[in-house]
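I opened this notebook to record what I looked up, one entry per topic. The model comes first, then my notes.

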Amino acid sequence: MTPPTAIRAELTWVDGALRPGIEVGIDADGRIGSVKATDSPPTHERIALFPGFVNAHSHAFQRALRGRGERFERPDEDFWSWREAMYELVQEMDRDSLKRIATQAFSEMRRSGMTTVGEFHYLHHDRECDWGFDEVMLEAAAEVGIRIVLLQAYYVTGGIGDPLGPAQKRFDGQNPEAYWSNMDRLQSLVDGRRQRLGVVAHSIRAVPPDQLALLHEESRRRELVFHMHVEEQPAEIKACKEAYGMTPTALLLDRLDLDNRFTAVHDTHTDPSEMSRYLKCGARVCICPLTEANLGDGLADVPGIISDGGRICLGSDSNARISMLEEMRLLEYGQRLQQQRRGRCRDSEGRIDRVLLDMATINGADSLGIHAGRIEVGREADLVLVDLDAPTLVGCDGDSIAPAMILGASEECIVSTMVGGVV
Ligand SMILES: [Zn+2]
């Protein structure tokens, strides 16, 4: 469908509030050309217009695990027993099944208001080391019309100092030369309007520090964002201390020139003083509340990160459930339950809707290095349309609409999404 030239929704999310009488002009190139006050009647009655949600961390193939591994033979099942189920799934994949699963996951993302996915991709190889699964992700995203930042993961050890296990062969990053030459190949395949690349070191378990430093240095030279799983599990911290005499975060601070292109995913068990030092570099944190709950990981110190000025973004990670509204809700509610206090993600005016929506939009866009996440001139026209007459929003008006959507609504209130102005 060709982009509409202008949208006048009943309410538009601009500068952290829903405002009436706003016209958003969309240019032919799919970017926002104007945002201005208007007296003209709405083109979209009973619709609230928000920036599209940005899913900063996904492993699309894990959508196939939904409901699997949820029967518990032993009382002590945790992340590590889940990982065994994931490795079983990895053995079954071929191009067709991966394409089908990724398309399903990306479609669900759009239906839940997500217009961009940061696909943290480590399942690379179909046969031998052919990198054959990489373009499958780009193809699936193009089919669904979701914007994608393909975060290409480097993964070379099965644990600190261990070779890759048989189940991990399909993740093999081989060596830096092979990794970067594949990145050059992918760069020639991406559709520049909606697709970009980013760099990933899977985790401290999967990448030795010397190679991590080289990978990060090259990503900075190429001006690409860099993502890494960090301190999701206490066992990872313990193993890192035993091997290198420091935590993963301390190692990052010691060995890398961290900046705002760096995003640590999880930071569930990060030491508060190391977290403060990490955030001072401008680096970011991605939290995945639904997956962390599903895996029994624990709760990150979200109020601590916010009070240190940290920028948190959100990800659907294992895709056990795909809902940005629920990610926001659980982020706040997890903290309420743990601390027996309310308003844990509040700003200086006591508002949580603004803070949580920033996490779900602009913070994710910045983490992925895309110019989206806000209804502002020059940004991508990536938008989500919300039905103000949805049953779960009935009776809400004014300042209660955004908190009601975050805390009380679900995907049924989302009418449609636009990516680059295209419905
Ligand atoms: Zn992950």
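**Entry 1: two helices.** I started with α2 and α3, and the crossing of this pair is right-handed. A crossing has that hand if the near helix is turned clockwise from the far one by less than a right angle, and it is left-handed if anticlockwise. The model is predicted, so local features need pLDDT of at least 70 and side-chain atom pairs count only at pLDDT 80 or more, while totals for chains, interfaces and linings use all residues. Residues are numbered from 1 along each chain as its sequence is written. Helices (H or I, at least four residues) and strands (E, at least two) are DSSP runs, numbered from the N terminus.

How do α2 and α3 cross? Helix α2 covers residues 95–111 and helix α3 covers 134–144; their axes come within 9 Å and cross at roughly 40°. Axes are lines fitted to C-alpha atoms, for helices over the stretch in contact, and angles run from 0 to 180 degrees between N-to-C directions. The two helices are therefore oblique to each other. Under 35 degrees counts as roughly parallel, over 145 as roughly antiparallel, 65 to 115 as roughly perpendicular, and the rest as oblique.

I then listed the contacts (C-beta atoms, placed from the backbone, within 7 Å). From α2 they include Leu98, Lys99 and Phe106; from α3 they include Val136, Glu139 and Ala140. By class, this contact has eight nonpolar, two polar and five charged residues. Ala, Val, Leu, Ile, Met, Phe, Trp, Tyr, Cys and Pro count as nonpolar, Asp, Glu, Lys and Arg as charged, and the others, Gly among them, as polar.

**Entry 2: Lys99.** Leaving out residues up to four places away in sequence, Lys99 touches Val136, Glu139 and Ala140. Phe61 is 38 residues from Lys99 in sequence, yet their C-alpha atoms are 8.7 Å apart.

Entry 3: Next I checked α11 and α14, whose axes come within 7 Å and cross at roughly 90°. That makes α11 roughly perpendicular to α14. Leu325, Met328 and Arg329 of α11 meet Met405, Ile406 and Leu407 of α14. I sorted this contact by class: five nonpolar, no polar and one charged.

**Entry 4: helix α12.** Seven of the eight residues of α12 (353–360) are buried, so the rest of the structure largely encloses this helix. Among the buried ones are Val355, Leu356 and Met359. I found that they pack against β7, β14, α11, α13 and α14.

**Entry 5: strands.** In β9 (147–154), eight of eight residues are buried. Both faces are covered: Val149 and Leu151 are among those on one side, Ile148 and Leu150 among those on the other. Strand β8 (114–121) runs parallel to β9, joined by six bridges. Phe120 has Leu151 of β9 as its bridge partner.

I also looked at an open, antiparallel sheet of three strands, in the order β1-β4-β5. β1 and β5 stand at the edges with a single partner strand each, so one side of each has no neighbour in the sheet. Ala6 has Gly25 of β4 as its bridge partner.

Notes. Two strands pair if DSSP finds at least two bridges between them. Two residues are in contact if their C-beta atoms, placed from the backbone, lie within 7 Å. A residue is buried if 20 or more other C-beta atoms lie within 10 Å of its own, exposed if 12 or fewer, and partly exposed in between; C-beta atoms are placed from the backbone.
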